[in-house]
Amino acid sequence: MNESTECLICHHGLHADEAGRYACRPCTDRIDGHLRALAGPDGLYARLGGRLAPGSGGGGPAVSGSRSAPLPVRLEPLSLMARGGVVTVLQTWLVDWHDRLGWGHPRWNGDMQQQLDEVAQALRVNLPWAAASHPAIDECAREISQLARQCEQQVTGERKPRTVPVACPCGQTLKVTLDTPGARCPGCGEQYGHSELMDLPLAERPIAA
């Protein structure tokens, strides 16, 4: 049983009715929301197919700065759609959950979209158990959030969030974005939640010689 009094994901204190859990209810709801956003015929994963053509990412015409022919597809959305991408990462977590529960290996049915919908639904059904009993729920939440974010960036053409260096009191520099849920300082081991990271001062840039 988890004896910690804080959520592993956001590092905020757990309420009395959340005692023994690894993740608070708001963080659990966010995981569920990301899974719902990925799945379905109008979900982020399905919409990646419309971003495979070169030039489709930003909504404008394809422009090439070289004389060579452009690639027939855009690699970023293709890598998310293919084996090893979104579906595989989610399936890996479901296999892990089945192993911890003592269940048999899950079966994958249909094409990639069908498998995505199936694994997302299975993860959502078992999410309450994972939030209460899985000590790596923070890692799971981080990977699912990253997948949803990456798919959203490809679908909307949004640029990757800017990385900002912030300074830990120990002198170590942490590179974070506005979406970083939390981070542990590699220098002193201090664990920061999102709000604590945003309160850290900007790290001074080294002066060029």
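Where is H11 found? I looked this up first: H11 sits in the segment before helix 1. Helices here are DSSP runs of H or I with at least four residues, strands are runs of E with at least two, and both are numbered from the N terminus.

**Ground rules**

I am working with a predicted model, where local features need pLDDT of at least 70, side-chain atom pairs count only at pLDDT 80 or more, and totals for chains, interfaces and linings use all residues. Residues are numbered from 1 along each chain as its sequence is written, and side-chain values use heavy atoms, with hydrogens and water left out.

**Entry: the whole chain**

I found seven helices and four strands in the chain. Reading from the N terminus, the order is α-α-α-α-α-α-β-β-β-β-α.

Next I checked burial. I call a residue buried under 20% relative accessible area, exposed over 50%, and partly exposed in between (1.4 Å probe, protein chains only). Of the 209 residues, 38% count as buried.

The accessible surface comes to about 12,400 Å², and 53% of it belongs to carbon and sulfur atoms. Such areas come from the Shrake-Rupley method with a 1.4 Å probe, and for residues only the protein chains shown count as cover.

Then I turned to contacts, meaning heavy atoms within 4.5 Å. Among contacts between residues at least 6 apart in sequence, 52% join residues at least 24 apart.

**Entry: before helix 1**

Back to H11. This residue is not a glycine, yet its phi is positive, at about 65 degrees. H11 has a relative accessible area of 17%, so it is buried.

I9 is in the segment before helix 1 too. Buried or exposed? I9 is buried, because its relative accessible area is 14%. Leaving out residues up to four places away in sequence, I9 touches A23, C27, I31, I137, D138, A141 and P181. I also looked at I9 and H194: they are 185 residues apart along the chain, and their C-alpha atoms are separated by 9.6 Å.

T28 is in helix 1. Its relative accessibility is 9%, so T28 counts as buried. Not counting residues up to four places away in sequence, T28 touches R21, A23, L127 and A131.

D29 also lies in helix 1. With 52% relative accessibility, D29 counts as exposed. From D29 to L127 I get 9.2 Å, C-alpha to C-alpha, for two residues 98 apart in sequence.

R124 belongs to helix 5. At a relative accessible area of 29%, R124 is partly exposed. Which residues does R124 touch, not counting those up to four places away in sequence? They are D32, L35 and R36.

**Entry: helix 4**

H98 lies in helix 4. H98 counts as buried because its relative accessibility is 12%. Apart from residues up to four places away in sequence, H98 touches W103, G104, H105 and P106.

**Entry: helix 6**

The expected span of a helix is 1.5 Å times one less than its number of residues. Helix 6 (residues 137-156) has 20 residues and should span 28 Å; its end C-alpha atoms are 28 Å apart, so the two agree.

Its buried residues are I137, C140, A141, I144, L147, A148, C151, Q153, Q154 and V155. What covers the buried residues of helix 6? The cover includes helix 1 (25-38), helix 2 (44-47), helix 3 (75-81), helix 4 (86-101) and helix 5 (112-133). After helix 6 comes G157, with a positive phi near 80 degrees.

**Entry: the second largest pocket**

A pocket, on a 1 Å grid over the protein atoms alone, is an open set of points where a 1.4 Å probe fits, with protein on both sides within 12 Å along at least five of seven lines; lining residues have an atom within 4 Å of a point. The second largest pocket has a volume of about 180 Å³, the volume being the space filled by probe spheres set on the points, which are joined across faces, edges and corners. Twelve residues line this pocket, and the closest to its centre are V164, V176, T177, L178 and M198. Strand 1 (164-167) and helix 7 (194-199) are the elements that give two or more residues to the lining.
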